[in-house]
Amino acid sequence: MRDKILAIDQGTSATKAMLFDCKGAILGKGEKTHCVHNRGNGYVEQDPEELFQAAVSAAMDAMGSYTAGEVAALGLSVQTGAFLLWHRKTGKPLSPVISWQCRRGRAYLRDLSDRKKQQLLDIVGGQVEEDGVPAKLAQVFSEDSSLLTVAGEDNLLFGTMESWLLFRLSGGKIHKSDITNACITRLYLEEENCWNTKGLEFLGIPAHIFPKVVDNDGYLGTVTTPGLAGIPIYGSLGDSAAAMLGEGCQEMGQSKITYGTGASWLVHLGEEPRRRGLKDVFLGWRIGGRNHYVWEGTLPHVGSTVQWLEQLGVVERPAETEVLAKALSHNEGVYFLPEVTVEGREQNIFLGMDFRTDRRHLARAVLESIAFRIRDMKESLENVGLKITGEIRADGGMAANDFLMQFQADILSCDITCNPHPDISAYGAFLLAALSSGMLTLEEIRGLDRQSRSYRPSMSSRHREKYFREWEQAKKGLR
């Protein structure tokens with residue numbers, strides 16, 4: 001009987017897979033880590049084949065002794081903003097995975113005149129960043145002239161991570177993208193339901209290399225990969241949107257923060273795009289023909305800063321930062337600013353250290369920095385009139401850090417509710433697949449049990465304001 005759901009969550013640092021029963025209970029899980037290659041000069045890449053094999057291996061581990069014939073649907077959750085190019089006939093990657101953390105677009109933007117830059121701003125909706133897909137993709141083409149030759153032979157394909165997985169899982173039969181991931185590229189015109197041919201022409205990128213775009217809850221094809229063959233693929237989302245769905249944030253004003261390799265804060269804006277001067281407004285998902293819009297703010301380095309401490313030998317494992325931070329009653333003036341550009345070079349900088357500083361201060365400063373940078377995002381939102389009300393739901397690996405979550409609640413002065421699910425993005429992919437395949441209704445999904453732990457602000461306003469002043473002074477000291 002096909003009464004189980006397989007979910008694959010293809011993240012930045014690891015790919016996870018989980019097998020669920022119809023009530024959301026986990027029957028099996030698998031996880032495979034993979035490398036992120038920092039090439040220097042802001043270039044961040046991953047190996048496409050490594051990511052695909054990690055997805056298959058994690059899925060097989062999750063399946064355990066269960067068979068593909070028992071699985072009603074496969075749902076996908078993927079890192080957003082990452083993309084690659086590959087050969088239609090051979091399936092061979094023709095570029096690395098260009099990470100969402102990559103900033104190679106700065107080279108392309110640097111060479112544009114002010115007039116050309118303004119034209120590009122008009123074409124892609126008023127937002128052009130060095131880490132955005134348009135500039136990065138244009139730079140990839142400028143660095144490899146052979147890509148246009150392959151495109152001229154109608155053998156070049158572009159895709160974000162779900163497109164790559166769908167192509168490989170289907171044995172090269174599917175070249176599709178879900179609308180969430182398509183819109184995040186800033187190259188897809190949501191209202192017109194087509195790729196931005198004018199923008200692509202400006203960038204010098206052929207439009208025919210792009211995938212067919214479908215709603216998030218659509219049937220996407222069938223897996224042909226041995227061991228998983230015959231499983232229908234229902235539903236795909238970006239990992240942040242999947243986490244939001246998994247958290248149950250389906251109403252306007254609800255928000256969640258995922259603390260993973262980076263951090264992603266999503267605020268539900270309702271079913272009509274309310275931009276009101278906001279940047280980074282996206283279509284979170286289109287399910288049942290209804291649009292749900294979100295604002296998304298991201299921090300590129302959160303869990304990765306803790307992993308950096310591990311690399312340096314400051315801690316033996318990431319969880320140790322919680323113990324070290326709690327050993328101090330105050331940060332004693334030590335602050336951490338990650339990836340600060342000083343004289344053209346990106347640096348991680350600790351401020352306020354003296355001969356009394358030890359690894360407790362370093363661990364606490366790194367964790368506090370995460371909370372402070374989230375607070376800066378909240379202040380920017382409020383400056384354009386978007387008030388954050390009610391609790392904020394938190395998930396991701398770093399949400400297990402008790403010190404960070406309490407400090408975050410204190411600094412934001414609001415309740416933080418943490419979901420203990422081991423992978424909320426995979427859970428969101430499960431919900432979408434269960435809904436799309438007809439296994440569960442929306443009402444049944446809302447009725448599923450959700451356990452959580454909560455943190456309430458306990459810091460005095462005087463202490464909070466003192467932290468704010470010192471954090472602002474630390475940032476100004478590097479300008």
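Why is helix α6 largely enclosed by the rest of the structure?

1. Basis. This is a predicted model, in which local features need pLDDT of at least 70, side-chain atom pairs count only at pLDDT 80 or more, and totals for chains, interfaces and linings use all residues. Residues are numbered from 1 along each chain as its sequence is written, and side-chain values use heavy atoms, with hydrogens and water left out.

2. Helix α6. Helix α6 spans residues 161–169, and eight of its nine residues are buried, so the rest of the structure largely encloses it. Buried means under 20% relative accessible area, exposed over 50% and partly exposed in between (1.4 Å probe, protein chains only). The buried set is M161, E162, S163, W164, L165, L166, F167 and L169. Just after α6, G171 has a positive phi of about 70°. Helices here are DSSP runs (H or I, at least four residues), numbered from the N terminus.

3. α1 against α6. Helix α1 covers residues 48–63. It packs on α6 at about 65°, with the axes 11 Å apart. That makes α1 roughly perpendicular to α6 (65 to 115 degrees counts as such). Axes are lines fitted to C-alpha atoms over the stretch in contact, and angles run from 0 to 180 degrees between N-to-C directions. The crossing of α1 and α6 is right-handed: the near helix is turned clockwise from the far one by less than a right angle.

4. Residues between α1 and α6. From α1 come P48, E49, L51, F52, Q53, A55 and V56; from α6 come M161, W164, L165, R168 and L169. Contact means heavy atoms within 4.5 Å. By class, there are nine nonpolar, one polar and two charged residues. Ala, Val, Leu, Ile, Met, Phe, Trp, Tyr, Cys and Pro count as nonpolar; Asp, Glu, Lys and Arg as charged; the others, Gly among them, as polar.

5. α12 against α13. Helix α12 (residues 359–383) and helix α13 (residues 402–412) pack at about 35°, with their axes 9 Å apart. Their crossing is right-handed. The contact includes L367, I370 and F372 of α12, and F403, F407 and I411 of α13. By class, this contact has ten nonpolar, one polar and four charged residues.

6. Cysteines. The disulfide count is zero, a disulfide being a pair of cysteine sulfur atoms within 2.5 Å. For C249, the closest cysteine sulfur is in C414, 13 Å away and too far for a bond. For C418, the closest is also in C414, at 11 Å, again too far. C249 is buried, with a relative accessible area of 0%. C418 is buried too, at 0%.

Methods:
Helix = DSSP H or I, 4+ residues; strand = E, 2+ residues; numbered from the N terminus. Parallel < 35°, antiparallel > 145°, perpendicular 65-115°, else oblique.
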